[in-house]
Structures are given as structure tokens and as C-alpha cells.
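Reader: I have a structure open and have not looked at it before. Can you walk me through it?
Author: Go ahead and show it.

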Amino acid sequence: MAEKENPTQQQGEDNTMFSPYKMGNFNLSHRIVLAPVTRCRALEGKPQPAMREYYSQRATKGGFLVSEGTAISPTSAGFPHAPGIYSEEHVEAWRNIVDAVHAKGSIFFCQLWHVGRASHSAYQPGGAAPISSTSKPLSDRSKVLMPDGTYDSYPQPRQLRTSEIPEIVEDYRQSAINAIRAGFDGVEIHSAHGYLIDQFLKDGINDRTDEYGGGSYDNRCRFLLQVIQAVASAVGIQRVAVRISPAIDHLDATDSDPLGLALAVAERLNKLQKEHGSKLTYLHVTHPRYSHRTKLELGKHSIEDEQVKLLKTLRKAYEGTFMSSGGFTRDSGMQAVAEGDTDLVSFGRLFISNPDLVHRFKLNEPLNDYNRQTFYTHDPIIGYTDYPFLNKTSET
């Protein structure tokens with residue numbers, strides 16, 4: 001039997017973040033990806049002209065960008081001024097942005113997002129309760145950002161009835177079609193960070209007793225797989241990616257066995273790919289912070305070798321392109337790619353403050369500091385498109 005191809009070897013032995021990579025049907029000139037990062041600049045959910053400049057600033061020839069989380073329906077938002085992709089107005093507004101990114105030579109995916117219980121009645125049609133896999137509210141450890149810029153407690157969600165779940169699956173399918181109509185090259189299904197799909201995956205949240213219930217991996221993975229199948233049938237599996245975060249407890253998204261959950265998802269994705277006779281574009285995995293062999297101190301918390309083990313084990317288990325994110329630096333990203341721990345590395349905060357991050361990384365130049373205070377403001381310039389570029393220029 002032929003040995004299974006290791007995706008990291010397809011470009012030769014000397015892989016770095018600056019090596020080319022064939023990601024499914026897409027040819028990338030480097031491995032540095034703009035991660036999905038919520039920026040709250042789509043006023044009333046409609047993508048704005050400033051977003052055209054923001055994304056095109058970060059686009060490079062042969063580069064790869066993933067959009068911020070983009071609402072798939074009126075019930076799916078949980079941040080002020082997060083963009084949508086469920087109306088014709090959204091499609092037309094996104095098309096202008098996508099065209100600008102393509103003009104720079106980049107590949108652009110739209111991240112499909114439903115926050116589930118991580119919302120508030122202020123964001124819901126008619127002031128209704130947010131929907132979820134559960135009726136358990138989030139703890140007071142987390143607060144929701146309100147439209148006026150203040151923070152409030154998360155309300156009690158309404159558990160979706162079994163009969164309602166196909167309607168949400170259809171929202172994902174239709175939003176994927178809309179994204180392709182807007183010109184996006186593909187979609188990333190956000191199944192991480194304590195949002196709706198993750199609320200089904202994690203047994204610390206999922207307390208259902210139906211076929212989507214928390215008693216088995218088959219049940220907990222069912223919603224995710226139905227979404228993937230529906231989206232893949234609409235736009236083609238080669239245009240579909242998935243993001244998961246098995247070890248992240250953001251928004252109370254805990255699981256009793258993160259490694260077991262990660263492997264269960266990988267096993268089912270591998271099976272689905274075999275059934276389709278083709279692979280997903282990539283699997284995007286977020287973990288608390290990347291560390292190589294030793295623990296990484298993070299305030300009062302530490303990420304132990306177990307997290308590294310999970311990443312490496314999942315990397316070996318999943319049969320396809322693997323993308324990692326979570327506190328990477330230039331050095332740790334280079335090391336992760338060189339040692340085969342990942343194919344691609346996505347950067348969020350560093351890309352926010354360094355529109356020319358690829359260029360700076362290539363030259364190993366200092367980076368601009370990011371300003372957290374302007375991450376979620378609505379100004380179209382300040383903290384958004386006004387971060388400075390290096391004076392030095394080169395092709396990236």
C-alpha cells in the first residue's frame with residue numbers, strides 16, 4: 001500500500017512560512033494567512049467602503065485571507081455592526097470588497113458565523129432570546145458587547161427544537177451560495193470559540209437528549225456534519241473549510257475530553273472526504289497559545305505539553321491541509337511549518353496592526369503594536385486602516 005502523502009512535503013523539504021503551498025485547487029505563494037477577526041465596521045450589518053481598503057491593504061499576490069465572522073441569518077449576530085451575507089444588499093456590498101482583494105492577487109474566503117447563545121436580545125429579531133443547543137446561559141465570566149459600547153450579561157438562550165435545526169442548516173447553505181455569488185473563493189464554517197456549532201460539539205454545553213445530544217460523538221458532531229454536507233452540496237467540497245477549537249474554553253465552551261473530541265471530528269471529516277472523493281480546502285484549528293515543547297506562561301495560566309500533544313495528534317489524524325492559529329509569532333510560525341506541525345499559520349492581532357505583515361516577516365522587521373481599545377470600535381479609519389506600512393518596499 002502506498003504511503004499516505006504528507007501535505008507538508010509537497011513543496012520539498014525546506015518548508016518555511018514563505019514557501020509556496022498548494023491548498024486544494026488554490027496555489028499560494030506563502031503560508032501566512034489573515035485569520036478571521038471581528039472588527040465591527042459593517043454599519044447595521046452592511047459591509048462598508050472602509051472594509052475594501054482594510055482587506056486590500058492586507059492582500060498579497062498569492063496570499064490567503066479569511067473574512068471576519070459573517071452572519072448567516074438575522075438570528076446569528078452577537079456583536080454590533082458585524083457584517084452579514086444573508087441578503088442581496090450584503091452580497092452586493094461584499095462583491096466590491098472581494099473584487100479589491102482579487103485585484104491584489106489574493107484568495108479570499110468568507111467565514112460563515114452563527115454565535116448561538118453568545119448573543120443578546122438586542123441583536124435578535126423582535127428582541128427574542130438567542131438560540132442554542134441548550135437553554136443554559138453563559139456564566140458571568142463573559143460579557144456581551146452591546147450596541148452602545150457597554151457590556152451586559154448574556155441572557156438565557158432558547159434551546160432549538162429538533163425540528164428547527166434543518167432551518168439553521170439551510171441558513172448555512174444559502175449563505176454559502178451568497179458568498180460565492182459575491183465572488184468569494186470559498187467559505188470557512190466557524191465551528192469554534194463557543195459559538196453555535198461549538199455549542200453542539202462540546203459536552204460542557206450540549207445537554208440535549210435528542211439525536212443531537214451530548215451523549216455520543218455521533219450526536220454531538222451531527223449538526224456540524226449536516227452543515228458541511230449542505231454547504232458542500234451547494235458550492236463544492238473543494239470550496240469548504242472548517243474551523244474548530246477543541247481545547248479552547250472561550251465563552252464557557254468546555255469539553256471533558258478535548259483530544260477525544262478533536263479526533264472524533266477528524267475521523268468524521270476524513271470519512272466525509274472519502275465519500276465525496278475530494279477534500280475540504282483545509283481544517284483550521286485554534287488552540288490557546290502555541291508552544292513547542294515546554295509550557296508557555298500566559299499571565300497566571302500556563303499551557304502545558306498536553307496542548308502541544310493535542311495539536312500534533314490532530315495534525316497527524318486529519319487527512320488534508322491543516323491551518324493553525326493562536327498566538328503565533330514569526331519564529332514559532334516558522335518552526336511549526338518547518339517541523340510539519342502545520343501547513344498554514346493564520347495571524348489575527350498581528351495582522352490587524354501590520355497590514356504589510358507578510359513583508360515585515362520576510363525582512364524580519366519590527367512590528368507595529370496593536371491597540372486593543374480600537375479592535376471593536378466603528379471608526380472607518382482609526383485603529384482600522386491607519387496602521388503604518390514600512391517605508392521599504394518589495395514584492396510580497
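Reader: Which strands make up the closed barrel?
Author: The closed barrel has eight strands in the order β3-β4-β5-β10-β11-β12-β15-β16, with parallel pairing. The twist from one strand to the next averages 25°. Strands here are DSSP runs of E with at least two residues, helices are runs of H or I with at least four, and both are numbered from the N terminus. Two strands count as paired if DSSP finds at least two bridges between them.

Reader: What kind of model is this, and how are residues numbered?
Author: The model is predicted: local features need pLDDT of at least 70, side-chain atom pairs count only at pLDDT 80 or more, and totals for chains, interfaces and linings use all residues. Residues are numbered from 1 along each chain as its sequence is written, and side-chain values use heavy atoms, with hydrogens and water left out.

Reader: Which residues of β10 point which way?
Author: Gly 186, Glu 188 and His 190 point one way, while Val 187 and Ile 189 point the other way. In a regular strand the side chains alternate between the two faces of the sheet.

Reader: What does β10 pair with?
Author: β5 pairs with β10 in the parallel sense over four bridges, and Cys 110 stands opposite Val 187. Four bridges also join β10 to β11 (residues 240-244), again running parallel. There, Glu 188 stands opposite Ala 241.

Reader: Helices now. At what angle do α1 and α2 cross?
Author: Roughly 25°, with the axes of α1 (residues 49-57) and α2 (residues 88-103) coming within 8 Å. Axes are lines fitted to C-alpha atoms, for helices over the stretch in contact, and angles run from 0 to 180 degrees between N-to-C directions. Angles under 35 degrees count as roughly parallel, and α1 and α2 are therefore roughly parallel to each other.

Reader: Which residues meet there?
Author: From α1, Met 51, Arg 52, Tyr 55 and Ser 56 meet Trp 94, Asn 96, Ile 97, Ala 100 and Val 101 of α2. Contact means heavy atoms within 4.5 Å.

Reader: How do α5 and α6 pack?
Author: α5 (residues 217-235) and α6 (residues 258-276) pack at an angle of about 35°, and their axes are 11 Å apart. Among the residues of α5 in this contact are Leu 224, Leu 225 and Ile 228.

Reader: What about α8, which of its residues are buried?
Author: In α8 (residues 330-338), the buried residues include Arg 330, Met 334 and Val 337. Their cover includes β16 (344-347) and α10 (357-363). Just after α8, Gly 340 takes a positive phi of about 80°.

Reader: Which residue other than glycine has a positive phi near 55°?
Author: Glu 44 has one, in the loop between β3 and α1. Most residues other than glycine have a negative phi. At 74% relative accessibility, Glu 44 counts as exposed.

Reader: And where is Asn 364 found?
Author: Asn 364 is in the segment after α10, with a positive phi of about 55°. At 52% relative accessibility, Asn 364 counts as exposed.

How values were computed:
Parallel < 35°, antiparallel > 145°, perpendicular 65-115°, else oblique. Buried < 20%, exposed > 50% of the residue type's maximum accessible area, 1.4 Å probe, protein only.
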